[in-house]
Amino acid sequence: MGENPDLVVGSDGLARPVWAASDPLLREYYDTEWGMPVRDETGLLERIVLEGFQAGLSWRTVLAKRTALREVFHGFDPDAVAAMTDADVQRLMADARIIRNERKIRAALTNARATVALREYEGLVELVWSFRPSETPEPVRFAEVPTASPESAALSAELKRRGFAFVGPTTMYALMEAIGMVDTHLVGSHRRGSSGLWACGRADGAVTGGGAARSGPMARGRAQPSRRRR
């Protein structure tokens, strides 16, 4: 087999996907965060909100504004964000440091309130992780990476039913990739298997958490970390 044009070996000798090979911000995110399990309420709310903010934008744009977004959304503390008002929305719309999209800003408040409401039931973390599939893709090329799956569609539908916004099937698949519910690191990347949740493409029951892995085919093909090519 020849060299994979979708992977780049850096000066450190480590193979990374093209999108994470040169830009320092994307490279740091890829090397340390993307695909690692997130099982705390605040961290999971942040990922859901950030994935929603990415709609129509590049992931690099979101990462570049992440510090400011964390500031204006109180570190994504669900209670603090849920308490924000229309006046806060208008204040944020005037803040050039963040992504000034009113629908996305209001969705952040909506999702925080839905997160708080879920505490009376299973909670956000258990709900999201209950949609973890029993198998993960093992892509060699970007074209083999899915943009959605039966599980992401089901998760999307359930979150919408619970009152969440900006949580479509493609966005939820991106979330699943970002928090390690599936492993779409290309085979050959130094980060493949870094979550510790998958053994030979199947769920490792010894380390699962937040719900049993669901069965179901992982269909279709896509590239970068996230549906909409990062």
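Here are some questions about the chain, with answers.

Author: Before we start, this is a predicted model, so local features need pLDDT of at least 70, side-chain atom pairs count only at pLDDT 80 or more, and totals for chains, interfaces and linings use all residues. Residues are numbered from 1 along each chain as its sequence is written, and side-chain values use heavy atoms, with hydrogens and water left out.

Reader: What is the mean pLDDT of the chain?

Author: First, the term: pLDDT is the predictor's confidence in each residue, from 0 to 100. In this chain, 88% of the residues reach 70 or more. The mean pLDDT is 90.

Reader: What pattern does the chain follow along the sequence?

Author: Helices (H or I, at least four residues) and strands (E, at least two) are DSSP runs, numbered from the N terminus. There are 10 helices and 4 strands here. Read along the sequence, they give β-β-α-α-α-α-α-α-α-α-α-α-β-β.

Reader: How much of the chain is buried?

Author: Buried means under 20% relative accessible area, exposed means over 50%, and partly exposed is in between (1.4 Å probe, protein chains only). The chain has 230 residues, and the buried share of them is 51%.

Reader: Is phenylalanine 76 buried or exposed?

Author: Phenylalanine 76 sits in the loop between helix 4 and helix 5, and its phi is near 60 degrees, a positive value in a residue other than glycine. Most residues other than glycine have a negative phi. With a relative accessibility of 1%, phenylalanine 76 counts as buried.

Reader: And histidine 74, what is its relative accessible area?

Author: Histidine 74 is also not a glycine, yet has a positive phi of about 55 degrees. You'll find histidine 74 in the loop between helix 4 (66-72) and helix 5 (78-82). Histidine 74 is partly exposed, and its relative accessible area is 42%.

Reader: Where do the buried residues of helix 6 lie, seen down its axis?

Author: Helix 6 (residues 86-93) has Asp88, Val89 and Leu92 as its buried residues. Taking directions from the helix axis to the C-beta atoms, these residues fall within an arc of 105 degrees, so they line one face of the helix.

Reader: Which helices are among what covers those buried residues of helix 6?

Author: On the other side of helix 6, Asp86 and Ala87 are exposed. The cover over the buried residues includes helix 4 and helix 7 (102-118).

Terms used: Contact = heavy atoms within 4.5 Å.
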